[in-house]
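Subject: Model for your files

Hello,

Here is the structure I said I would pass on. Please have it open while you read the notes below it.

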Amino acid sequence: MTKLSDTQALILSAAAQRPEHIALPLPESLRGGAAAKVVGAMLAKGFLEEVDADMRNGEPVWRETGDGHGVTLVATDAGLAAIGIEPENANPAPAGPTDAPTEQPAPDTPAEIECALKTRTPREGTKQATLIAMLRAPDGATIEEIMAATGWQSHTVRGAIAGALKKKLGLEVTSEKVEDRGRVYKLPAA
């Protein structure tokens with residue numbers, strides 16, 4: 001199976017669910033130069049292709065050609081195969097070179113696709129892995145204990161809990177005030 005970034009998989013999964021496999025709109029978090037870089041790589045790999053946009057029917061426009069016409073992005077058969085979806089014969093997008101599709105069936109619902117994309121695990125031996133192990137301990141951990149173990153400052157610990165653990169990894173971090181210890185943060189056991 002072709003190695004895709006989370007963003008590329010998200011773009012292709014969304015396109016697979018839209019009429020005519022249109023890849024626009026892109027995720028809101030992808031703007032400007034980052035969007036151009038991701039789309040450029042996907043065009044080069046043959047996962048997306050530029051086609052004339054039917055602006056009268058309100059198709060989203062990726063870029064304007066300068067002569068009053070627009071171009072939109074469409075997932076190709078190769079792009080669909082990269083996420084494990086059998087291409088339909090009705091898709092007019094030509095297939096580019098690709099690896100063989102996987103034997104695993106494609107997720108059926110958008111929730112399954114989103115869940116599959118959010119399943120991330122930290123590398124062993126990293127500070128994030130240390131943080132998760134400390135929070136999964138039966139007694140949990142305080143900010144001060146995490147600071148001592150990781151060498152981080154308090155604002156970095158709080159940011160890692162809120163950003164990396166809660167938002168990116170989707171973990172449910174709880175906190176409670178414990179007498180003689182202060183605020184203790186915990187994760188449910190794995």
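Predicted model: local features only at pLDDT ≥ 70, side-chain atom pairs only at ≥ 80, totals over all residues.

Sheet

The model has an open sheet of 3 strands in the order β1-β3-β2, and the pairing is antiparallel. β1 (48–52) and β2 (63–64) are the edge strands, each pairing on one side only. Between β2 and β3 (residues 70–75), which run antiparallel, there are 2 bridges. Glu64 has Gly70 in β3 as its bridge partner. Helix α2 (residues 32–45) lies across β1 and β3, and its direction is at about 95° to β1.

Helix packing

Two packed helices are described by the angle between their axes and the distance between the axes.

On the α5 side the contact is made by Gln128, Leu131, Ile132 and Leu135, and on the α7 side by Ala160, Ile161, Ala164 and Leu165. By class, the residues of this contact of α5 with α7 are 7 nonpolar and 1 polar, with no charged.

The crossing of α5 past α6 is right-handed. Here Lys127, Thr130, Leu131, Met134 and Leu135 of α5 meet Glu145, Ile146, Ala149 and Thr150 of α6. The contact of α5 with α6 divides into 5 nonpolar, 2 polar and 2 charged residues.

Backbone

Most residues other than glycine have a negative phi, and most peptide bonds are trans.

The peptide bond from Leu24 to Pro25 is cis, with omega near 0°. Pro25 is in the loop between α1 (6–17) and α2. His21 also lies in the loop between α1 and α2, and has a positive phi of about 55° although it is not a glycine. The relative accessible area of His21 is 8%, so His21 is buried.

Asp180, likewise not a glycine, has a positive phi, near 70°. Asp180 sits in the loop between β4 (174–178) and β5 (182–186). Its relative accessibility is 82%, so Asp180 counts as exposed.

Regards

Conventions. Residues numbered from 1 in each chain as written. Heavy atoms only, no water. Pairing = 2+ DSSP bridges. Helix = DSSP H or I, 4+ residues; strand = E, 2+ residues; numbered from the N terminus. Contact = heavy atoms within 4.5 Å. Axes fitted to C-alpha atoms, helices over the stretch in contact; angles between N-to-C directions. Nonpolar A, V, L, I, M, F, W, Y, C, P; charged D, E, K, R; others polar. Left-handed = near helix turned anticlockwise from the far one by under 90°. Buried < 20%, exposed > 50% of the residue type's maximum accessible area, 1.4 Å probe, protein only.
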